[in-house]
Amino acid sequence: MDINAISKAIFEGAKDIIITWFSVLTRGASALRGFDLETNTTLLYALRFMVYMAFVSTIVDLPFMTGAAAKGEDKMFVVAAVVEEYLECLPIALILHGCMKLFGGRGRLQSCIAGYCFLTAYLPIIAVLMLPEKRVTVPAITQGSNYPTVVKQLSIALGSLSTWDRYMFWFSYVATTVVFVVFFIGVFRCFRALHKLSRRRAVVAFIVGLLCSAVFLMGFEEPFLSAVYHAFLTK
């Protein structure tokens, strides 16, 4: 597979994507009012928008990967990483939507998926802020096949860092957490509006959804990510 052909296809029509990206970053969930989230056209555009966000996030990580691993230059890694982003984001959107439904929400799945995809505009920012963490987390994920093993490897790696690297790791962790909070606040506001729930009921539903999402990530997504890293980033 030619990475140049992939890049050309990805960057066709980038103007609208960039405008949408800046709009979501500056206005958050309010930017979604300019879209009719119920239409198939909007859904397809939102799914394509998330491809761009996943691709840019992967490109941000790629120099680190190629410098830290023997097979990081494998072009298929870009495709696998983008697929992994999709398999992480879409199930979370489904889980949050399902929890909103269980608590009496009236929103449609299509509109919730579209809204969530647009809010992944924060992914490239998160990828940049996570770079200091990658020095520790990527080897830990590569060596571990499950979440407890990854946590153990991460603890060992943190203990061997210099003082400067440890400070940078925690700065990266805090900054990334802040952006994640902003992202999920946007998702909450979008889903609450679509499902027409009271604030109290929406908060409870969203917290339950986040807990279920965490279980999914630890039990299903992490082993897949570990397998991807192990396949492409080891000898």
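A residue counts as buried when its relative accessible area is under 20%, as exposed when that value is over 50%, and as partly exposed in between, computed with a 1.4 Å probe on protein chains only. The model is predicted, so that local features need pLDDT of at least 70 and side-chain atom pairs count only at pLDDT 80 or more, while totals for chains, interfaces and linings use all residues. Residues are numbered from 1 along each chain as its sequence is written, and side-chain values use heavy atoms, with hydrogens and water left out.

**Exercise 1.** Determine whether T20 is buried or exposed, and list its contacts beyond its sequence neighbours.

Solution. Begin by placing T20, which lies in helix α2 (residues 14-27); helices here are DSSP runs of H or I with at least four residues, strands are runs of E with at least two, and both are numbered from the N terminus. Next, the relative accessibility of T20 is 8%, and T20 is therefore classed as buried. Finally, once neighbours within four places in sequence are set aside, T20 touches F35, Y45, F49 and F118, where contact means heavy atoms within 4.5 Å.

**Exercise 2.** Describe how helices α5 and α9 are arranged relative to each other.

Solution. The axes of α5 (residues 109-119) and α9 (residues 163-195) come within 10 Å and cross at roughly 160 degrees; such axes are lines fitted to C-alpha atoms over the stretch in contact, with angles from 0 to 180 degrees between N-to-C directions. The two helices are therefore roughly antiparallel, a label given to angles over 145 degrees. In the contact, α5 contributes S111, C112, G115, Y116 and L119, and the residues from α9 include F183, F184, V187 and H195. Sorted by class, this contact has 9 nonpolar, 4 polar and no charged residues, with Ala, Val, Leu, Ile, Met, Phe, Trp, Tyr, Cys and Pro taken as nonpolar, Asp, Glu, Lys and Arg as charged, and the others, Gly among them, as polar.

**Exercise 3.** Identify which residue forms a salt bridge with E38, and state where both partners lie.

Solution. The partner is R108, with the closest N and O atoms 2.8 Å apart; a salt bridge requires a side-chain nitrogen of Lys or Arg within 4 Å of a carboxyl oxygen of Asp or Glu. E38 lies in the loop between α2 and α3 (40-68), whereas R108 lies in the loop between α4 (76-102) and α5, 70 residues apart.

Technical notes: Parallel < 35°, antiparallel > 145°, perpendicular 65-115°, else oblique.
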